[in-house]
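Colleague: I want to go through the labels on this model and hear what backs each one. Show me the structure, and I will ask.

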Amino acid sequence: MTDVPPAVLLDEMTRLRTRTRADRHAYVPPLLLFGVLVLAAPLWSYGGPARFHFAGVWFGTPLQLYWLAAVVGGFLATAGWYLHRGTRVGVRTPVRGYLAVGLVGVVAISFGMPVVESFAYRVERSPFAGPAVTVPVAVLSAAALGGILWLRPRLARRTARGTATAAAILLGLVALGALDLRFAPVRPYAPLITIALGFVGLAWLERSRLLGAISGAFAVTALLANLYTMQSVFFHLGVFARYEGPMTAAFTNTLLPGLVLLAGGGVAWFRERGARA
Amino acid sequence: VSDHPAANLDETVHQRHRLGILTIAAEAGKVDFGYLRRTLDMTAGNLSRHVTILDEAGLIDVEKGYEGKRPRTWISISPAGRKALTAELAALRALVTAVERAAAPVRPRTT
(Lines give C-alpha, C1' and ligand atoms only; values in the text may rest on other atoms or scores of the structure.)
Protein backbone atom coordinates (compact mmCIF):
# COMPACT_ATOMS: atom_id res chain seq x y z
CA MET A 1 0.00 0.00 0.00
CA THR A 2 1.13 3.58 -0.60
CA ASP A 3 1.03 6.64 1.65
CA VAL A 4 0.71 9.08 -1.26
CA PRO A 5 -2.59 11.06 -1.08
CA PRO A 6 -5.19 9.82 -3.64
CA ALA A 7 -5.40 13.21 -5.43
CA VAL A 8 -1.60 13.32 -5.91
CA LEU A 9 -1.61 9.69 -7.11
CA LEU A 10 -4.39 10.42 -9.63
CA ASP A 11 -2.51 13.49 -10.95
CA GLU A 12 0.66 11.44 -11.31
CA MET A 13 -1.16 8.70 -13.26
CA THR A 14 -2.72 11.32 -15.57
CA ARG A 15 0.76 12.75 -16.24
CA LEU A 16 2.16 9.27 -16.96
CA ARG A 17 -0.70 8.50 -19.34
CA THR A 18 -0.22 11.80 -21.20
CA ARG A 19 3.54 11.27 -21.50
CA THR A 20 3.18 7.67 -22.75
CA ARG A 21 0.53 8.79 -25.26
CA ALA A 22 2.81 11.56 -26.56
CA ASP A 23 5.75 9.13 -26.80
CA ARG A 24 3.83 6.63 -28.92
CA HIS A 25 2.27 9.16 -31.33
CA ALA A 26 3.74 8.45 -34.77
CA TYR A 27 1.08 9.40 -37.31
CA VAL A 28 2.87 12.18 -39.23
CA PRO A 29 4.67 9.90 -41.77
CA PRO A 30 1.47 7.90 -42.62
CA LEU A 31 -0.44 11.17 -43.22
CA LEU A 32 2.27 12.47 -45.58
CA LEU A 33 2.64 9.09 -47.33
CA PHE A 34 -1.08 8.68 -48.03
CA GLY A 35 -1.30 12.38 -49.02
CA VAL A 36 1.28 11.80 -51.77
CA LEU A 37 -0.31 8.46 -52.82
CA VAL A 38 -3.78 10.07 -53.12
CA LEU A 39 -2.43 13.04 -55.13
CA ALA A 40 -0.55 10.65 -57.48
CA ALA A 41 -3.68 8.58 -58.30
CA PRO A 42 -4.78 10.72 -61.33
CA LEU A 43 -1.58 9.69 -63.15
CA TRP A 44 -3.18 6.24 -63.59
CA SER A 45 -6.65 7.47 -64.54
CA TYR A 46 -6.26 7.39 -68.35
CA GLY A 47 -8.76 4.53 -68.53
CA GLY A 48 -6.84 1.59 -69.95
CA PRO A 49 -8.63 -1.72 -70.34
CA ALA A 50 -9.14 -4.18 -67.49
CA ARG A 51 -6.39 -6.80 -67.69
CA PHE A 52 -7.95 -9.79 -65.96
CA HIS A 53 -11.16 -11.70 -66.50
CA PHE A 54 -12.68 -14.34 -64.29
CA ALA A 55 -16.24 -15.76 -64.17
CA GLY A 56 -17.73 -12.81 -66.04
CA VAL A 57 -15.94 -10.25 -63.90
CA TRP A 58 -13.37 -7.88 -65.44
CA PHE A 59 -10.83 -6.25 -63.21
CA GLY A 60 -7.37 -4.69 -63.28
CA THR A 61 -7.75 -1.26 -64.91
CA PRO A 62 -4.61 0.89 -64.32
CA LEU A 63 -6.39 2.93 -61.64
CA GLN A 64 -7.73 -0.20 -59.85
CA LEU A 65 -4.24 -1.72 -59.82
CA TYR A 66 -2.76 1.56 -58.60
CA TRP A 67 -5.26 1.80 -55.72
CA LEU A 68 -4.62 -1.83 -54.80
CA ALA A 69 -0.84 -1.27 -54.69
CA ALA A 70 -1.23 2.10 -52.91
CA VAL A 71 -3.61 0.81 -50.22
CA VAL A 72 -1.74 -2.49 -49.60
CA GLY A 73 1.65 -0.72 -49.66
CA GLY A 74 0.42 2.23 -47.58
CA PHE A 75 -1.16 0.07 -44.86
CA LEU A 76 1.86 -2.28 -44.68
CA ALA A 77 4.32 0.64 -44.64
CA THR A 78 2.31 2.30 -41.84
CA ALA A 79 2.25 -0.93 -39.77
CA GLY A 80 6.01 -1.40 -40.40
CA TRP A 81 6.70 2.19 -39.36
CA TYR A 82 4.73 1.77 -36.11
CA LEU A 83 6.58 -1.47 -35.33
CA HIS A 84 9.97 0.13 -36.03
CA ARG A 85 9.24 3.27 -34.01
CA GLY A 86 7.68 1.29 -31.12
CA THR A 87 10.82 -0.85 -30.90
CA ARG A 88 13.07 2.24 -30.97
CA VAL A 89 11.11 4.25 -28.37
CA GLY A 90 9.99 1.32 -26.19
CA VAL A 91 6.22 1.88 -26.45
CA ARG A 92 4.28 -0.02 -29.10
CA THR A 93 0.87 0.98 -30.44
CA PRO A 94 -1.21 -2.14 -31.25
CA VAL A 95 -1.73 -1.97 -35.03
CA ARG A 96 -3.49 -5.31 -35.64
CA GLY A 97 -6.89 -3.56 -35.73
CA TYR A 98 -5.52 -1.07 -38.26
CA LEU A 99 -4.23 -3.91 -40.45
CA ALA A 100 -7.64 -5.63 -40.18
CA VAL A 101 -9.27 -2.43 -41.56
CA GLY A 102 -6.70 -2.48 -44.39
CA LEU A 103 -7.38 -6.16 -45.13
CA VAL A 104 -11.13 -5.54 -45.27
CA GLY A 105 -10.58 -2.52 -47.52
CA VAL A 106 -8.25 -4.39 -49.86
CA VAL A 107 -10.69 -7.31 -50.18
CA ALA A 108 -13.50 -4.83 -50.89
CA ILE A 109 -11.38 -2.98 -53.49
CA SER A 110 -9.94 -6.03 -55.24
CA PHE A 111 -13.08 -8.21 -55.26
CA GLY A 112 -16.11 -6.16 -54.21
CA MET A 113 -15.70 -3.20 -56.57
CA PRO A 114 -14.92 -5.17 -59.78
CA VAL A 115 -17.86 -7.51 -59.08
CA VAL A 116 -20.23 -4.60 -58.53
CA GLU A 117 -18.88 -2.70 -61.56
CA SER A 118 -19.13 -5.76 -63.83
CA PHE A 119 -22.72 -6.35 -62.79
CA ALA A 120 -23.62 -2.67 -62.53
CA TYR A 121 -26.69 -2.98 -64.78
CA ARG A 122 -28.02 -5.90 -62.71
CA VAL A 123 -27.25 -4.05 -59.51
CA GLU A 124 -29.36 -1.11 -60.65
CA ARG A 125 -32.29 -3.43 -61.29
CA SER A 126 -31.95 -5.26 -57.97
CA PRO A 127 -34.34 -4.12 -55.20
CA PHE A 128 -31.56 -4.86 -52.68
CA ALA A 129 -29.10 -2.38 -54.20
CA GLY A 130 -31.19 0.73 -53.54
CA PRO A 131 -30.31 3.21 -50.79
CA ALA A 132 -33.36 2.05 -48.77
CA VAL A 133 -31.46 -1.23 -48.19
CA THR A 134 -27.75 -0.40 -48.56
CA VAL A 135 -27.67 2.67 -46.28
CA PRO A 136 -29.39 0.99 -43.24
CA VAL A 137 -27.27 -2.17 -43.78
CA ALA A 138 -24.07 -0.08 -43.86
CA VAL A 139 -25.09 1.98 -40.79
CA LEU A 140 -26.17 -1.09 -38.75
CA SER A 141 -22.99 -3.01 -39.70
CA ALA A 142 -20.82 -0.02 -38.77
CA ALA A 143 -22.66 0.33 -35.41
CA ALA A 144 -22.27 -3.41 -34.67
CA LEU A 145 -18.61 -3.19 -35.70
CA GLY A 146 -18.10 -0.29 -33.26
CA GLY A 147 -19.76 -2.32 -30.47
CA ILE A 148 -17.52 -5.33 -31.11
CA LEU A 149 -14.38 -3.17 -31.22
CA TRP A 150 -15.42 -1.67 -27.87
CA LEU A 151 -16.11 -5.10 -26.37
CA ARG A 152 -13.04 -6.93 -27.72
CA PRO A 153 -10.35 -5.65 -25.28
CA ARG A 154 -12.70 -6.46 -22.39
CA LEU A 155 -12.97 -10.15 -23.28
CA ALA A 156 -10.86 -12.37 -21.06
CA ARG A 157 -10.54 -15.49 -23.25
CA ARG A 158 -8.30 -15.60 -26.31
CA THR A 159 -10.88 -17.59 -28.35
CA ALA A 160 -13.57 -15.00 -27.55
CA ARG A 161 -11.23 -12.21 -28.74
CA GLY A 162 -10.49 -14.22 -31.92
CA THR A 163 -14.22 -14.67 -32.59
CA ALA A 164 -14.74 -10.92 -32.03
CA THR A 165 -11.95 -10.14 -34.56
CA ALA A 166 -13.53 -12.46 -37.15
CA ALA A 167 -16.97 -10.89 -36.56
CA ALA A 168 -15.46 -7.38 -36.84
CA ILE A 169 -13.81 -8.25 -40.19
CA LEU A 170 -17.07 -9.77 -41.49
CA LEU A 171 -19.12 -6.73 -40.41
CA GLY A 172 -16.53 -4.41 -41.96
CA LEU A 173 -16.83 -6.30 -45.24
CA VAL A 174 -20.63 -6.08 -45.11
CA ALA A 175 -20.47 -2.30 -44.42
CA LEU A 176 -17.97 -1.68 -47.23
CA GLY A 177 -19.91 -4.03 -49.53
CA ALA A 178 -23.07 -1.99 -48.94
CA LEU A 179 -21.13 1.21 -49.63
CA ASP A 180 -19.65 -0.40 -52.78
CA LEU A 181 -23.16 -1.19 -54.04
CA ARG A 182 -24.08 2.44 -53.52
CA PHE A 183 -20.95 4.17 -54.81
CA ALA A 184 -18.71 1.84 -56.85
CA PRO A 185 -20.79 1.90 -60.07
CA VAL A 186 -20.52 5.70 -60.01
CA ARG A 187 -16.96 6.53 -58.95
CA PRO A 188 -13.66 4.66 -58.72
CA TYR A 189 -12.69 6.44 -55.49
CA ALA A 190 -13.97 3.95 -52.88
CA PRO A 191 -10.31 3.31 -51.82
CA LEU A 192 -10.38 6.82 -50.30
CA ILE A 193 -13.07 5.49 -47.92
CA THR A 194 -10.79 2.59 -46.96
CA ILE A 195 -7.91 5.00 -46.28
CA ALA A 196 -10.28 7.25 -44.26
CA LEU A 197 -11.49 4.26 -42.19
CA GLY A 198 -7.85 3.31 -41.60
CA PHE A 199 -7.06 6.80 -40.28
CA VAL A 200 -10.18 6.84 -38.08
CA GLY A 201 -9.00 3.49 -36.62
CA LEU A 202 -5.50 4.89 -36.16
CA ALA A 203 -6.89 7.99 -34.37
CA TRP A 204 -8.76 5.64 -32.00
CA LEU A 205 -5.63 3.53 -31.36
CA GLU A 206 -3.52 6.67 -30.85
CA ARG A 207 -6.24 8.32 -28.71
CA SER A 208 -5.45 11.50 -30.68
CA ARG A 209 -8.03 14.26 -31.08
CA LEU A 210 -5.92 16.00 -33.72
CA LEU A 211 -5.67 12.85 -35.86
CA GLY A 212 -9.40 12.30 -35.25
CA ALA A 213 -10.14 15.80 -36.62
CA ILE A 214 -7.83 15.27 -39.64
CA SER A 215 -9.41 11.83 -40.31
CA GLY A 216 -12.90 13.35 -40.06
CA ALA A 217 -12.01 16.12 -42.55
CA PHE A 218 -10.42 13.56 -44.88
CA ALA A 219 -13.48 11.26 -44.59
CA VAL A 220 -15.74 14.17 -45.62
CA THR A 221 -13.59 14.91 -48.70
CA ALA A 222 -13.45 11.16 -49.50
CA LEU A 223 -17.26 10.99 -49.39
CA LEU A 224 -17.49 14.12 -51.56
CA ALA A 225 -15.14 12.54 -54.13
CA ASN A 226 -17.36 9.43 -54.19
CA LEU A 227 -20.56 11.45 -54.43
CA TYR A 228 -19.40 13.28 -57.58
CA THR A 229 -19.74 16.80 -56.21
CA MET A 230 -16.05 17.83 -56.33
CA GLN A 231 -16.18 18.74 -60.01
CA SER A 232 -19.24 20.92 -59.40
CA VAL A 233 -17.38 22.67 -56.58
CA PHE A 234 -14.41 23.41 -58.87
CA PHE A 235 -16.80 24.47 -61.66
CA HIS A 236 -18.41 27.04 -59.36
CA LEU A 237 -14.98 28.24 -58.28
CA GLY A 238 -14.06 28.75 -61.93
CA VAL A 239 -11.06 26.38 -61.71
CA PHE A 240 -10.90 23.30 -63.99
CA ALA A 241 -14.26 24.50 -65.32
CA ARG A 242 -13.67 22.89 -68.75
CA TYR A 243 -13.29 19.16 -69.29
CA GLU A 244 -9.60 18.66 -70.12
CA GLY A 245 -9.33 14.89 -70.10
CA PRO A 246 -9.66 12.08 -67.53
CA MET A 247 -6.48 13.02 -65.68
CA THR A 248 -7.70 16.57 -64.89
CA ALA A 249 -11.16 15.23 -63.97
CA ALA A 250 -9.55 12.70 -61.61
CA PHE A 251 -7.32 15.43 -60.20
CA THR A 252 -10.38 17.47 -59.15
CA ASN A 253 -11.50 14.45 -57.09
CA THR A 254 -8.19 13.70 -55.37
CA LEU A 255 -6.82 17.25 -54.90
CA LEU A 256 -8.80 18.14 -51.77
CA PRO A 257 -8.43 14.75 -49.98
CA GLY A 258 -4.69 14.71 -50.75
CA LEU A 259 -4.19 18.29 -49.56
CA VAL A 260 -6.14 17.58 -46.33
CA LEU A 261 -3.72 14.74 -45.53
CA LEU A 262 -0.59 16.74 -46.41
CA ALA A 263 -1.78 19.83 -44.49
CA GLY A 264 -2.85 17.62 -41.55
CA GLY A 265 0.59 15.95 -41.57
CA GLY A 266 2.25 19.39 -41.61
CA VAL A 267 0.14 20.69 -38.69
CA ALA A 268 0.73 17.49 -36.67
CA TRP A 269 4.49 17.65 -37.35
CA PHE A 270 4.62 21.31 -36.27
CA ARG A 271 2.65 20.54 -33.08
CA GLU A 272 4.82 17.52 -32.19
CA ARG A 273 7.96 19.61 -32.72
CA GLY A 274 6.55 22.35 -30.50
CA ALA A 275 5.66 19.83 -27.77
CA ARG A 276 9.21 18.38 -27.77
CA ALA A 277 10.92 21.81 -27.70
CA VAL B 1 -17.99 -5.12 4.37
CA SER B 2 -17.24 -1.40 4.86
CA ASP B 3 -18.89 1.22 2.62
CA HIS B 4 -15.85 3.48 2.87
CA PRO B 5 -14.18 4.01 -0.57
CA ALA B 6 -10.82 2.93 0.88
CA ALA B 7 -12.25 -0.59 1.28
CA ASN B 8 -12.27 -0.91 -2.54
CA LEU B 9 -8.51 -0.38 -2.87
CA ASP B 10 -6.64 -3.47 -4.06
CA GLU B 11 -3.47 -4.19 -2.05
CA THR B 12 -1.55 -5.43 -5.10
CA VAL B 13 -2.46 -2.46 -7.30
CA HIS B 14 -2.52 0.30 -4.66
CA GLN B 15 1.21 0.91 -4.74
CA ARG B 16 2.66 3.95 -6.52
CA HIS B 17 5.07 2.12 -8.85
CA ARG B 18 2.78 -0.82 -9.62
CA LEU B 19 -0.04 1.60 -10.41
CA GLY B 20 2.39 3.47 -12.69
CA ILE B 21 3.37 0.25 -14.49
CA LEU B 22 -0.31 -0.65 -15.06
CA THR B 23 -1.19 2.91 -16.22
CA ILE B 24 1.63 2.97 -18.80
CA ALA B 25 0.91 -0.61 -19.96
CA ALA B 26 -2.80 0.23 -20.34
CA GLU B 27 -1.93 3.22 -22.55
CA ALA B 28 0.40 1.23 -24.84
CA GLY B 29 -0.07 -2.10 -26.57
CA LYS B 30 3.32 -3.28 -25.32
CA VAL B 31 5.89 -1.43 -23.27
CA ASP B 32 9.60 -2.10 -22.96
CA PHE B 33 11.21 -2.75 -19.55
CA GLY B 34 13.79 0.00 -20.26
CA TYR B 35 11.04 2.54 -21.07
CA LEU B 36 9.30 1.74 -17.77
CA ARG B 37 12.59 2.10 -15.87
CA ARG B 38 13.31 5.51 -17.45
CA THR B 39 9.77 6.86 -17.16
CA LEU B 40 9.20 5.73 -13.56
CA ASP B 41 12.79 6.58 -12.57
CA MET B 42 13.40 3.19 -10.92
CA THR B 43 16.36 0.84 -10.63
CA ALA B 44 16.23 -2.37 -12.70
CA GLY B 45 16.08 -4.51 -9.55
CA ASN B 46 13.22 -2.56 -7.99
CA LEU B 47 11.22 -2.52 -11.23
CA SER B 48 11.83 -6.24 -11.72
CA ARG B 49 10.41 -6.96 -8.23
CA HIS B 50 7.19 -5.01 -8.95
CA VAL B 51 6.84 -6.58 -12.42
CA THR B 52 7.12 -10.06 -10.88
CA ILE B 53 4.38 -9.26 -8.34
CA LEU B 54 2.02 -7.99 -11.06
CA ASP B 55 2.87 -10.96 -13.32
CA GLU B 56 2.19 -13.47 -10.53
CA ALA B 57 -1.16 -11.75 -9.84
CA GLY B 58 -2.08 -12.21 -13.52
CA LEU B 59 -2.38 -8.46 -14.08
CA ILE B 60 0.31 -8.21 -16.78
CA ASP B 61 1.86 -10.50 -19.39
CA VAL B 62 5.65 -10.55 -19.65
CA GLU B 63 7.31 -11.50 -22.94
CA LYS B 64 11.07 -12.06 -22.88
CA GLY B 65 13.02 -12.12 -26.11
CA TYR B 66 16.09 -10.93 -27.94
CA GLU B 67 16.73 -8.02 -30.26
CA GLY B 68 19.90 -9.11 -32.01
CA LYS B 69 22.06 -10.29 -29.13
CA ARG B 70 20.49 -7.92 -26.61
CA PRO B 71 17.78 -9.32 -24.32
CA ARG B 72 14.55 -7.31 -24.35
CA THR B 73 11.45 -7.62 -22.15
CA TRP B 74 8.04 -6.43 -23.32
CA ILE B 75 5.15 -5.97 -20.89
CA SER B 76 1.45 -5.80 -21.75
CA ILE B 77 -1.59 -5.42 -19.51
CA SER B 78 -3.96 -8.41 -19.22
CA PRO B 79 -7.79 -8.05 -19.26
CA ALA B 80 -7.72 -8.71 -15.47
CA GLY B 81 -5.10 -5.97 -15.09
CA ARG B 82 -7.17 -3.50 -17.07
CA LYS B 83 -10.19 -4.31 -14.89
CA ALA B 84 -8.13 -3.94 -11.68
CA LEU B 85 -6.70 -0.61 -12.87
CA THR B 86 -10.17 0.75 -13.73
CA ALA B 87 -11.48 -0.33 -10.29
CA GLU B 88 -8.47 1.19 -8.51
CA LEU B 89 -8.80 4.55 -10.31
CA ALA B 90 -12.55 4.60 -9.56
CA ALA B 91 -11.83 3.90 -5.86
CA LEU B 92 -9.21 6.69 -5.79
CA ARG B 93 -11.66 9.15 -7.37
CA ALA B 94 -14.33 8.14 -4.82
CA LEU B 95 -11.81 8.75 -2.02
CA VAL B 96 -10.94 12.21 -3.38
CA THR B 97 -14.66 13.07 -3.61
CA ALA B 98 -15.25 11.83 -0.03
CA VAL B 99 -12.31 13.88 1.28
CA GLU B 100 -13.52 17.01 -0.56
CA ARG B 101 -17.04 16.57 0.83
CA ALA B 102 -15.72 16.13 4.37
CA ALA B 103 -13.53 19.24 4.03
CA ALA B 104 -16.35 21.44 2.67
CA PRO B 105 -17.62 23.98 5.25
CA VAL B 106 -21.09 23.21 6.64
CA ARG B 107 -23.51 26.07 5.93
CA PRO B 108 -25.82 27.05 8.79
CA ARG B 109 -29.48 26.50 7.98
CA THR B 110 -31.48 29.71 7.49
CA THR B 111 -35.18 29.14 7.99
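Colleague: Why are Arg72(B) and Asp32(B) called a salt bridge?

Modeller: This is a predicted model. In it, the side chains of Arg72(B) and Asp32(B) meet at 3.3 Å, N to O. The cut-off is 4 Å, so the pair counts as a salt bridge.

Colleague: What makes Arg72(B) and Asp32(B) a tie between parts of the chain?

Modeller: Arg72(B) lies in strand β3 of chain B and Asp32(B) in strand β1 of chain B. These parts are 40 residues apart in sequence, so the pair ties them together. Both Arg72(B) and Asp32(B) are buried.

Colleague: How do you know that Glu63(B) and Lys30(B) form a salt bridge?

Modeller: Their closest N and O atoms are 3.0 Å apart. That is within 4 Å, so the label holds. Glu63(B) is in strand β2 (residues 60–67) of chain B and Lys30(B) in strand β1 of chain B, 33 residues apart.

Colleague: Why are Glu63(B) and Lys30(B) called partly exposed?

Modeller: Glu63(B) has a relative accessible area of 40%, and Lys30(B) has 26%. Buried means under 20% and exposed over 50%, so values in between are called partly exposed.

Colleague: What makes Arg19(A) and Asp23(A) a salt bridge?

Modeller: Their N to O distance is 3.9 Å. The limit is 4 Å, so the pair counts. Arg19(A) and Asp23(A) are four residues apart in helix α1 (residues 6–24) of chain A, which means about one helical turn separates them. Arg19(A) is partly exposed at 41%, and Asp23(A) is partly exposed at 23%.

Colleague: How many salt bridges cross the interface of chain B and chain A?

Modeller: Three. One of them joins Arg24(A) to Glu27(B), with the closest N and O atoms 2.9 Å apart. Arg21(A), Arg24(A) and Glu27(B) are linked in a network of salt bridges. Over all chains, the structure holds seven salt bridges.

Colleague: What else describes the interface between chain B and chain A?

Modeller: The area buried between the chains is about 2500 Å², and carbon and sulfur atoms give 65% of it. Arg16(B), Glu27(B) and Tyr35(B) supply 27% of the area that chain B buries against chain A, more than any other three residues. In contact are 27 residues of chain B and 28 residues of chain A.

Colleague: Why does Arg92(A) count as lying over the face of Trp74(B)?

Modeller: Arg92(A) is 4.1 Å from the ring centre. The distance limit is 6 Å, and the direction must be within 35 degrees of the ring normal. Arg207(A) has its charged end over the ring of Trp204(A), 4.5 Å from the centre.

Colleague: How many aromatic pairs are there over all chains?

Modeller: Five. In one of them, the rings of Phe34(A) and Phe75(A) have centres 5.8 Å apart and planes at 75°. Centres must lie within 6.5 Å, and planes over 60 degrees apart count as edge-to-face, so this pair is edge-to-face.

Colleague: How do you know that Phe34(A) and Phe75(A) are buried?

Modeller: Phe34(A) has a relative accessible area of 1%, and Phe75(A) has 4%.

Colleague: What makes Phe199(A) and Phe218(A) edge-to-face?

Modeller: Their planes are at 85° and their centres 6.4 Å apart, so the pair is edge-to-face. Phe199(A) and Phe218(A) are both buried. Ring pairs link Phe34(A), Phe75(A), Phe199(A) and Phe218(A) into a cluster.

Terms used. Residues numbered from 1 in each chain as written. Chains lettered and ligands numbered in written order. Predicted model: local features only at pLDDT ≥ 70, side-chain atom pairs only at ≥ 80, totals over all residues. Heavy atoms only, no water. Phe/Tyr/Trp six-rings, centres within 6.5 Å; stacked < 30°, edge-to-face > 60°. Buried < 20%, exposed > 50% of the residue type's maximum accessible area, 1.4 Å probe, protein only. Contact = heavy atoms within 4.5 Å. Buried area = accessible area lost by both parts, 1.4 Å probe. Helix = DSSP H or I, 4+ residues; strand = E, 2+ residues; numbered from the N terminus.
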